[in-house]
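The sequence and structure come first.

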Amino acid sequence: MSRMCEGRVVVVTGAGRGLGRAHALAFAAEGAKVVVNDLGVGLDGTPGADGPSRHVVEEIRAAGGEAIAHGGDVATSAGAASLVAAALDTYGRLDTLVNNAGFLRDRMLVNLDEDDWDAVVRVHLKGHFLPLKHAAAHWRAQAKAGRTPAARIVNTSSGAGLLGSVGQSNYSAAKAGIVGLTLVAAAELARYGVQVNAIAPAARTRMTERTFADTMTAPGSGFDAMAPENVSPLVVWLGAEQSAGVTGRVFETEGGRITVMEGWRPGPTADKAARRTPEEAGRTALKLLGEAETPGPVYGA
């Protein structure tokens, strides 16, 4: 074991189950002290009876690692602030933030209630923004005091955010927003020693087991490509000092595959240097579309 995160303090949100749990265990195995955040809600975000974060803490401690549980709501400013404070008060530092919390309320657009839109955007997008904001404020203060950190943020987007997903307009919009947030944060925070990247994972979790049941079933033998533990090595590396120089990137990861995603960039273009009529604009658009690459498939289409 390389112990590449020895001495680092890592916060993982939504770490009670699935990907978050796998990340927390992987960081601990590499020597990190881990703050395990989970609100303990159900798949749709409703309150649950169990506090899964403490079970993950017990697993880490049983393996000889160090961890504490945090049950605050990171989609509130108070909850996000207390998460950062928990790391600083307990371990005296914060090095890495992994934003992973989320849930689903899938509906086709015409059946999607406003409350279901707000709830999903809140936990995914606002639940990324607020922990990022409070962690970044701490690291900025360190940098201004002459102690520039080797800080890391790993955000969790999705293929649904990159390509869209039928029946998941709220989730897809939030995950696309996370990519935009990642790019802005990477540009703004670089001067303070903070690197910000995102992953778009494919793995078996409570959210994907139901939505993509056919592809998420665990095999009876051999390599389990959908095991969430397959995603965590990249997350650990992105959260470690060894990833120096890597920021503002989005990685798709599934099984043993890692792909650097290349987003919107200029394709075919035409400039008349004068205003077009609607008919001219249409002819030009169709010509350019004929020269452009075919977009990727929409998930679930």
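What covers the buried residues of helix 3? The cover includes strand 1 (9-12), strand 2 (33-37), strand 3 (66-70) and helix 4 (114-144). The model is predicted: local features need pLDDT of at least 70, side-chain atom pairs count only at pLDDT 80 or more, and totals for chains, interfaces and linings use all residues. Residues are numbered from 1 along each chain as its sequence is written, and side-chain values use heavy atoms, with hydrogens and water left out.

Helices (H or I, at least four residues) and strands (E, at least two) are DSSP runs numbered from the N terminus. Helix 3 has 15 residues and reaches 21 Å from its first C-alpha to its last. Its buried residues are Gly79, Ala80, Leu83, Val84, Ala86, Ala87 and Tyr91. Gly92 follows helix 3 and has a positive phi, near 80 degrees.

Buried means under 20% relative accessible area, exposed over 50%, and partly exposed in between (1.4 Å probe, protein chains only). Two residues are listed below.

Leaving aside neighbours within four places in sequence, Ala87 is in contact (heavy atoms within 4.5 Å) with Val9, Val11, Val35, Gly92, Arg93 and Leu94. Val11 lies 76 residues from Ala87 along the chain, and their C-alpha atoms are separated by 7.3 Å.

How values were computed
Expected span 1.5 Å × (residues − 1).
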